[in-house]
Amino acid sequence: QVQLVESGGGLVQAGGSLRLSCAASGRTLSIYAMRWFRQAPGKEREFVASISWSGGTTTYADSVKGRFTIARNNAKTTVYLQMNSLKPEDTAVYYCATARVGDPLVTPLGGSWGQGTQVTVSS
């Protein structure tokens, strides 16, 4: 019921920056929080960051804390992930997802999901 489209991925050198965007449409009234996950080759999908849609409360994985920032636009139609000081370990497909009330935040369950955008960090 919520459609999500990620953009902004690409190839970047270690230490560089990228900003990912996720545009939401459809029944956005149902969104409690927006989340970013990533999945590296051969690994399970893992939590990156979340932001509550009403209050803007943020949560970050320890691996990205201090380097990544999640934010939303004023219209509450887009969530961003500003990624600084990128490392090769950040290479993954990045997905945005909604969370409804009662959905877990840090596990890749529930909500609606985008198709993902590839981030590759070279060394």
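Hi everyone, let's start with the sheet that has the strand order S2-S10-S9-S4-S5-S6: it is open, has 6 strands and shows mixed pairing. Strands here are DSSP runs of E with at least two residues, numbered from the N terminus, and two of them pair if DSSP finds at least two bridges between them. At the edges of this sheet sit strand S2 (10–13) and strand S6 (58–60), each of which pairs on one side only. From one strand to the next, the twist averages 25°; the axes behind it are lines fitted to C-alpha atoms, with angles from 0 to 180 degrees between N-to-C directions.

A quick word on the source: this is a predicted model, where local features need pLDDT of at least 70, side-chain atom pairs count only at pLDDT 80 or more, and totals for chains, interfaces and linings use all residues. Residues are numbered from 1 along each chain as its sequence is written, and side-chain values use heavy atoms, leaving out hydrogens and water.

Within that sheet, strand S9 (residues 92–99) and strand S10 (residues 117–122) run antiparallel and are joined by 3 bridges.

Finally, S1 pairs with strand S3 (residues 18–26) in the antiparallel sense, over 6 bridges. There, Val5 stands opposite Ala23 in S3. Thanks, everyone!

Key
Helices (H or I, at least four residues) and strands (E, at least two) are DSSP runs, numbered from the N terminus.
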